Amino acid sequence: MKICVLVKEVPDAAVEKRIDPSTGRMDRSGEKNLNPYDTHAIEAAMQIREGGAVQVDEIVALTMGPESAMRALHKAVSLGADRSIHLTDPALAGSDVAATGYALSKALASEQPDLVLLGQQSDDGECYTIGAVVADHLQMPSLTQVIKMDVEDGALRCERQAEYGYDTVQVRLPAVISVGDAINEPRYPSLKAIMGARKKPLEQVAAGDVGIDPGLVGADGSRVQCGDFHDPPAKAPGQVIEDEDTSETVDKIVAWLEERKLI
Amino acid sequence: MADVLTYVLHFQGAFNKNSLGAVSEGAARAQEIGGQCHAVVVGGEDLSDELCSSLGAYGATRVFRAAGLEGLAQPVIDVMAKVIDDHGHSYALFGGGLLGFEIGAGLAARKQAGVTMEVTQVRAENGKLVAERPILQDSKVSVSRYRGDLGIIIGRINAFETVTRDGGSAEVVDVDVDYSPWSNQATMVARGEQRGADVDIEGADILVAGGRGLGKPEGFELVEQLAAAFGGNTAVAATRAVVDAGWYPYAAQIGQTGKTVSPKLYLAAGISGAIQHKVGMQSSENIIAINKDANAPIFEFSDLGVVGDLNKILPRLADAIKAKKGG
Ligand SMILES: Cc1cc2nc3c(=O)[nH]c(=O)nc-3n(C[C@H](O)[C@H](O)[C@H](O)COP(=O)(O)OP(=O)(O)OC[C@H]3O[C@@H](n4cnc5c(N)ncnc54)[C@H](O)[C@@H]3O)c2cc1C
Ligand SMILES: Cc1cc2nc3c(=O)[nH]c(=O)nc-3n(C[C@H](O)[C@H](O)[C@H](O)COP(=O)(O)OP(=O)(O)OC[C@H]3O[C@@H](n4cnc5c(N)ncnc54)[C@H](O)[C@@H]3O)c2cc1C
């Protein structure tokens, strides 16, 4: 079985995320990191490999993004992927969800994976939907927010929480699965793995190499335009207490509750 | 033609409240752009003529009914794609939840359409629909405009109000669909399983809620003790993170795939305040948050924020409240 894992580079959690008013896109100038949700997808691939229910021949990490996105791939291979693919092309910049999912599906199609794994959401765009787009282009079944996944004879038994409680769904491979963050506890890469990461094969491909129609990607090929960024209606800030002396803190909370007749 | 197509989810013979909201919203906006609102339902025998035509009360003029698997996105994508091909709707609209995200995005791929998710407001502008979406932890709002023949709008949970009108009854049309081979690759083994005890929290005046910051399942003892100190009509609530981890029952979960509540007091301990949690409790009358991270998003929408360790604060707060009540 061959598993492809989709990974994305996002602004580091410590960086304040903002839209660059001149481009209307995410300001990506600060420190960046592998999207934390994607480490769960890599870990899920590793656990399938180590679980032994099926032989995993290869785990391939794929990202689409500018030059710097290569670092997300380094991190992905340090976490266990065998090799990685960097889809990068100026023509792809500014792609919306539909265009990004289409481009990723083209790069995936040339790999012919049995299973595509991805994170439940990116930490910046938070669109939750790339998996569903990729799956429809690849003509594969798909589920998002999966928190338990077992391989049993050519199929996955997946569990996830939906509108009415937990659903268990049997999915025949090939399939696209976005994993929820409760699925596992990702491992930390060993120093050796970090050092070795740069030696694992990393292939760069451009849009034309995987047959992407330039008319369907980039800002011009995108069918939704996000703009007019503005502030939401202002809300009066709440009161904040820093807990230094806990008896004092507790007195303040109790007084606050009494004032509002809540006790 | 500027018609709006919505998907209406159902479970055990009842329609989903957020889907009904989407129908009402679709009807109101369609009218503004000179169109009608239609609905798609997919399922089995329980989708009776009577049930389906009742969507007319929410503003749908026509309901497309297809026999198919319930609770999975891909069969619905096949149905909606066919209905749109045959009829030429300009927009597809979904209420919040989970399935709407998967169907809307899959439909965007199939029909080369633009999609916006987490939408809190839709409005008409020059005969077209424009969608507003809060972004970056609700610190900004982005406005989506669509190109092409179809625009896809996926609402945030509770964003669209249900509005009923008297005497509305929708025409029910059966559609025959050849499902895609990949739609048949997934089958539902069990749907809507309620994990953990069946606790009732919806009528509570005070909710004391716990999240991953409790550290371990036993952390809920602190939350339960505080709830007991408040006494009266107080219950304990939880986040998806702790429910998925098996620390607390699903019936107590607040948020996008849990319950929506608006008690007099919501006290959140060890909860970061993710959007999917916020949408289920933001209309509480008073919100207190206890979190050790001063930058936790929950402080952006709490009335009283306490930056500190819940392990220190919760037991003493419980004692102090008990003492107050006893005295
Ligand atoms: C604040 C903001 C709001 C936006 N709103 C919209 C909108 O309403 N509609 C719209 O069409 N676009 C929107 N975009 C653009 C959208 O975020 C990008 O198209 C992005 O490339 C894909 O969305 P995501 O990362 O949010 O996807 P998600 O669906 O949240 O990502 C899920 C998973 O997909 C994988 N993945 C995502 N992107 C890549 C990638 N480039 N390479 C490899 N794997 C990847 C990762 O595994 C990730 O965990 C928005 C962008 C921003 C910054
Ligand atoms: C489609 C979808 C649907 C979802 N539906 C829901 C839903 O219905 N309900 C829901 O809740 N979530 C839902 N989520 C998940 C949501 O995005 C968050 O992951 C979740 O709410 C986080 O739970 P949490 O706050 O308990 O955990 P975390 O985000 O991990 O936060 C834990 C917090 O505890 C604090 N903390 C740690 N230790 C201490 C201490 N000793 N004292 C004080 N504070 C401490 C930390 O600073 C942190 O802020 C959904 C997500 C998706 C994508």
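Student: Which order do the seven strands of the open sheet in chain B take, and is the pairing parallel or antiparallel?

Tutor: Two strands pair if DSSP finds at least two bridges between them. Helices (H or I, at least four residues) and strands (E, at least two) are DSSP runs, numbered from the N terminus. In chain B the order is 7-11-6-1-4-5-12, and the pairing is parallel. Strand 7 (114-119) and strand 12 (171-174) of chain B are the edge strands, pairing on one side only. From one strand to the next, the twist averages 20°.

One thing before we go on: this is a predicted model, where local features need pLDDT of at least 70, side-chain atom pairs count only at pLDDT 80 or more, and totals for chains, interfaces and linings use all residues. Residues are numbered from 1 along each chain as its sequence is written, chains are lettered from A and ligands numbered from 1 in the order in which they are written, and side-chain values use heavy atoms, with hydrogens and water left out.

Student: How many bridges join strand 1 to strand 6 of chain B?

Tutor: Three bridges link strand 1 (residues 4-7) with strand 6 (residues 91-94) of chain B, and the two run parallel. To find your place, look for Thr6(B), which faces Leu93(B) in strand 6 of chain B.

Student: Which strands does helix 4 of chain B lie across?

Tutor: Contact means heavy atoms within 4.5 Å. Axes are lines fitted to C-alpha atoms, for helices over the stretch in contact, and angles run from 0 to 180 degrees between N-to-C directions. Here helix 4 (residues 99-111) of chain B lies across strands 1, 6, 7 and 11 (151-155) of chain B, at about 170° to strand 11 of chain B.

Student: At what angle do helix 3 and helix 4 of chain B pack?

Tutor: Angles under 35 degrees count as roughly parallel, over 145 as roughly antiparallel, 65 to 115 as roughly perpendicular and the rest as oblique. Helix 3 (residues 73-87) of chain B packs against helix 4 of chain B at about 50°, with the axes 9 Å apart. So helix 3 of chain B is oblique to helix 4 of chain B. The residues making this contact include Val76(B), Ile77(B) and Met80(B) of helix 3 of chain B, and Leu99(B), Ile103(B) and Leu107(B) of helix 4 of chain B.

Student: And in chain A, how do the axes of helix 3 and helix 4 cross?

Tutor: Helix 3 (residues 97-109) and helix 4 (residues 130-138) of chain A have axes that come within 8 Å and cross at roughly 50°. Helix 3 of chain A and helix 4 of chain A are therefore oblique to each other. Among the residues that meet are Leu104(A) and Leu108(A) in helix 3 of chain A, and Val133(A), Val134(A) and Leu138(A) in helix 4 of chain A.

Student: What is the order of the open sheet of 10 strands?

Tutor: Follow it as 13(A)-7(A)-6(A)-1(A)-8(A)-12(A)-9(A)-10(A)-11(A)-13(B), with mixed pairing. Strand 13 (202-205) of chain A and strand 13 (186-193) of chain B stand at the edges, each with a single partner strand, so one side of each lacks a neighbour in the sheet. The twist averages 30° from one strand to the next. Within chain A, strand 6 (residues 58-64) and strand 7 (residues 83-87) run parallel, joined by five bridges. Leu62(A) sits opposite Ile85(A) in strand 7 of chain A.

Student: How many residues of chain A are in contact with chain B?

Tutor: 80 residues of chain A touch 85 residues of chain B.
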